[in-house]
Amino acid sequence: MNDKNITHKILSPLVIVAALGYFVDIYDLLLFAVEREDSLKDILKLQFGSLTDDELKNKNAFYGNQLLNWQMGGMLFGGIFWGILGDKKGRLSVLFGSILTYSIANILNGMITSVEQYATLRFVSGFGLAGELGAGITLVSETMSKEKRGIGTMIVATVGVFGAVVAGFMGDVIQNWRHSFYLGGAMGLALLVLRIGVSESGMFSVLHQKEISKGNFFLLFTSTQRIKKYLSIIFVAVPVWYVMGTLVFFSPELSVELGLQKGEITPGKAIMFAYTGITIGDLISGFMSQYLRSRKKTLLFFLVLTVIGCVLYFLFGGYSKNIFYAIIVFIGFATGYWAVFISTAAELFGTNIRSTATTTVPNFVRSSTILISVLLAGISAITSNKIEATIITGAIVIGAGLYALFQLEETFGKELDYTE
């Protein structure tokens, strides 16, 4: 590909649009976690009438888990759909379609009156949210020089995860949960205007003219090497969603099990503090991978920090509310290797399946919360101790992540203009 299609600018219009797109993506993704308790409380009362406090608590926890699974299930299917579309029709078509889908779904989410409607729109929203990150990172990776693309993806990830901090903050500021969903949808629609000035990837434009298989999802599984790379990069990041989908998402319940009083820990603040840590972590991990000229060493460092963070969570999380939130910040920082992870995913595969891989990988990671919840439920049934089961689940997930990391090749500075 001609070098004129490569930019050496760090803050190009594409990076800015991709970063803001991921900001809205994460804001909307975590919006459900922030508004879970309040929204379900209203919907359950509306649908089932008066409930006792215990009935409301049990139904809230049950449906909260079910709705999270519906959202992640949507992301699983959406990741495959948008990834293939990105390789067949272009990365920009995914940006437009995914943003429009989740924006409309979130606006409608503010109008629901039943759990069934909630589940449907969480699935549709998840389906739409699945395309944003992969398309943005693929575009940035293919249009920036190999020396600077790590900084570009770092900016996208850092700005993006800050959307969760804002979601947590707005969850406490906006009293009506319906208005939070309206705001999220409106931000997505506003983002579509910015997308107009973004150009398609030069690598894709050249490839599009060639007679070669594009967006073939099954191509990822036609060689042992590709299967190994694909599964390994997924398992490397699953610990992030064990932390976020279990330790942070259910922090109000787990904090009580650890010894704190009910109501001391709120989901909005837990998410805000966790993603404050992740934002800093993404920034540091991005710079670290550039300084070390190694994605693998950086990933290893942050996975070790994740182990330390989990140990602190279970040993000292029950001492006080302030200590709990401080640990949440640290554990968020430890899992702030998402920028390096997604850069690695984009660098592992050829241009003809890069969008497919880069879009499906993070969504398979996010959807792993379904398997994690099944694993946790199974272990809980055996041990009948929620904290012990959560610890065992974490040990399995993080152990698998560390093993998978050592199966990956180093991708820093890798030339991306090739096909599978």
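This briefing walks through the pockets and the aromatic contacts of the structure above.

The model is predicted, so to speak of local features a pLDDT of at least 70 is needed, side-chain atom pairs count only at pLDDT 80 or more, and totals for chains, interfaces and linings use all residues. Residues are numbered from 1 along each chain as its sequence is written, and side-chain values use heavy atoms, with hydrogens and water left out.

**The largest pocket**

- A pocket here is an open set of points on a 1 Å grid over the protein atoms alone, where a 1.4 Å probe fits, with protein on both sides within 12 Å along at least five of seven lines; lining residues have an atom within 4 Å of a point.
- The largest pocket has a volume of about 1,100 Å³, a volume being the space filled by probe spheres set on the points.
- Its lining counts 41 residues, and Arg36, Glu37, Ala61, Pro252 and Glu253 lie nearest the centre.
- Helix H2 (53-88) is among the elements that give two or more residues to this lining, and H2 supplies the largest share, 8 residues.
- The lining of the largest pocket divides into 15 nonpolar, 14 polar and 12 charged residues.

**The second largest pocket**

- About 340 Å³ of space lies in the second largest pocket.
- It is lined by 15 residues, with Phe235, Val238, Phe364, Ser368 and Leu371 closest to its centre.
- H9, H15 and H16 each give two or more residues to this lining, and H15 gives the most, with 7 residues.
- By class, the lining of the second largest pocket has 13 nonpolar, 2 polar and no charged residues.

**Aromatic pairs**

- Rings of Phe, Tyr and Trp (its six-membered ring) pair if their centres lie within 6.5 Å; planes under 30 degrees apart count as stacked, over 60 as edge-to-face and the rest as tilted.
- The count comes to 26 aromatic pairs.
- Phe77 and Phe123 are a tilted pair, because their ring centres are 6.3 Å apart and their planes stand at 50 degrees.
- Phe77 belongs to helix H2 and Phe123 to helix H4 (residues 115-129), so this pair ties together parts that are 46 residues apart in sequence.
- Phe32, Tyr118, Trp177, Phe181, Phe249 and Phe250 form one aromatic cluster.

**Charges over rings**

- A charge sits over a ring if NZ of Lys or CZ of Arg is within 6 Å of the ring centre and within 35 degrees of the ring normal.
- The charged end of Lys229 sits over the ring of Phe349, 4.9 Å from its centre.
- Arg354 has its charged end over the ring of Tyr418, 5.9 Å from the ring's centre.

Notes:
Helices (H or I, at least four residues) and strands (E, at least two) are DSSP runs, numbered from the N terminus. Ala, Val, Leu, Ile, Met, Phe, Trp, Tyr, Cys and Pro count as nonpolar, Asp, Glu, Lys and Arg as charged, and the others, Gly among them, as polar.
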